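Here are my notes from a pass through this one, in the order I would look at things with the viewer open.

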Amino acid sequence: MANETIDVLLSEEQIAARVKELGRAITEDFKGREVFAVPVLKGSFMFAADLVRHIDLPTQVDFLGLRSYVGTKSSGVVQITNDLSASVEGKDVVIIEDIVDTGLTMKYLLENLRTRRPRSVKLASLLHKPARAKVPVEIDYLGFTIEDVFVIGYGLDFDGRYRNLPYVGVLRPNGS
Ligand code: IMP
């Protein structure tokens, strides 16, 4: 770790301002309804904690654990490691994800959740890397579009580390 440097891509302030806007948009769109928020673990835990605080509506939160990645390469294999504890039938589901990269993970999850007969399913993602898209995924509430770089922080990890950083950064091995 001594040979790595981290460049800040999105500061705490930038993230906070955008997350507040997304929360307001969700509040506006779901007026008079209850939101069933589904943060996808582990990467979205920080984004989700901040986002739901800006949803000014009755809101339930139920976590879903997915694993789709090893190191910095997409394996293309998606596994539910921790399923929802409640039924989403008839609910207005808002999936909360950290990043849509190839889109394979969200394609899988959207299809999976739709079989459970929710009233609606929307997707909120902090980040989107369109350059790497393999399948199209519609993001209803998007924080930021980023270039094709591997990012860490604000929940995102590299081999389990850096999730605790309060900003989103780019890891440069050996200071490159
Ligand atoms: P996808 O299936 O390729 O869209 O990958 C989505 C998942 O890969 C995300 O939920 C992240 O966990 C992980 N991922 C993709 N890109 C990055 C990155 O730049 N940094 C950290 N994790 C990433």
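1. Is Phe150 buried, partly exposed or exposed? Keep in mind that this is a predicted model. Phe150 comes out at 24% relative accessibility, so it counts as partly exposed; the cut-off for buried is under 20%. Phe158 lands in the partly exposed class too, with 25% relative accessibility.

2. Those two rings are worth a look together. The structure holds one aromatic pair, and Phe150 and Phe158 are the residues that form it. Their ring centres sit 6.0 Å apart and the planes make an angle of 80°, which puts the pair in the edge-to-face class.

3. On to the ligand. Its surroundings consist of 18 residues, and the closest are Asp98, Thr102, Gly103, Thr105 and Val151. By type, the shell splits into eight nonpolar, five polar and five charged residues.

4. Which side chains place a polar atom by a ligand oxygen? Thr105 does, with a polar side-chain atom 2.4 Å from an oxygen atom of the ligand. For Asp98, an N or O atom of the side chain is 2.8 Å from a ligand oxygen. Lys129 has a polar side-chain atom 2.9 Å from an oxygen atom of the ligand. As for cover, the ligand has 490 Å² of accessible area on its own, and the protein covers 93% of that.

5. Which elements give two or more residues to that shell? They are strand E4 (64-70), strand E6 (92-100) and helix H3 (104-114). E6 gives the most, with four residues.

6. How many of its nine residues are buried? Nine of the nine are, so the strand is largely enclosed by the rest of the structure. E6 pairs with strand E2 (residues 35-41) in the parallel sense, over five bridges, and there Ala37 stands opposite Val94 of E6. E6 also pairs with strand E7 (residues 120-128), again in the parallel sense, over eight bridges. As a reminder, strands of a sheet pair through backbone hydrogen bonds, either parallel or antiparallel.

7. There is an open sheet to trace as well. Three strands make it up, in the order E1-E10-E9, and the pairing is antiparallel. Strand E1 (4-10) and strand E9 (151-152) are the edge strands, each pairing on one side only. E9 meets strand E10 (residues 168-173) over two bridges in the antiparallel sense. Val151 has Val170 in E10 as its bridge partner, and Val151 is also among the residues closest to the ligand.

8. Back to Lys129, the one with the polar side-chain atom 2.9 Å from a ligand oxygen. Thr145 counts as exposed, because its relative accessibility is 53% and the exposed class begins over 50%.

9. Now the backbone. Where is there a cis peptide bond? Leu41 and Lys42 are joined by one, with omega about 0°. Lys42 is found in the loop between E2 and helix H2 (45-52). I would have a look at that peptide in the viewer.

10. Two residues other than glycine with positive phi are also on my list. For Arg117, phi is near 55°, and the residue lies in the loop between H3 and E7. For Tyr154, phi is near 50°, and its place is the loop between E9 and E10.

11. Are Arg117 and Tyr154 buried or exposed? Arg117 has 57% relative accessibility and so counts as exposed. Tyr154 is at 4%, so it counts as buried.

Methods:
Residues numbered from 1 in each chain as written. Predicted model: local features only at pLDDT ≥ 70, side-chain atom pairs only at ≥ 80, totals over all residues. Heavy atoms only, no water. Near = heavy atom within 4 Å. Polar contact = N/O pair within 3.5 Å; in protein donor to acceptor, adjacent residues only side chain to side chain. Areas by Shrake-Rupley, 256 points an atom, 1.4 Å probe, with all protein chains shown as cover. Nonpolar A, V, L, I, M, F, W, Y, C, P; charged D, E, K, R; others polar. Pairing = 2+ DSSP bridges. Phe/Tyr/Trp six-rings, centres within 6.5 Å; stacked < 30°, edge-to-face > 60°. Buried < 20%, exposed > 50% of the residue type's maximum accessible area, 1.4 Å probe, protein only.
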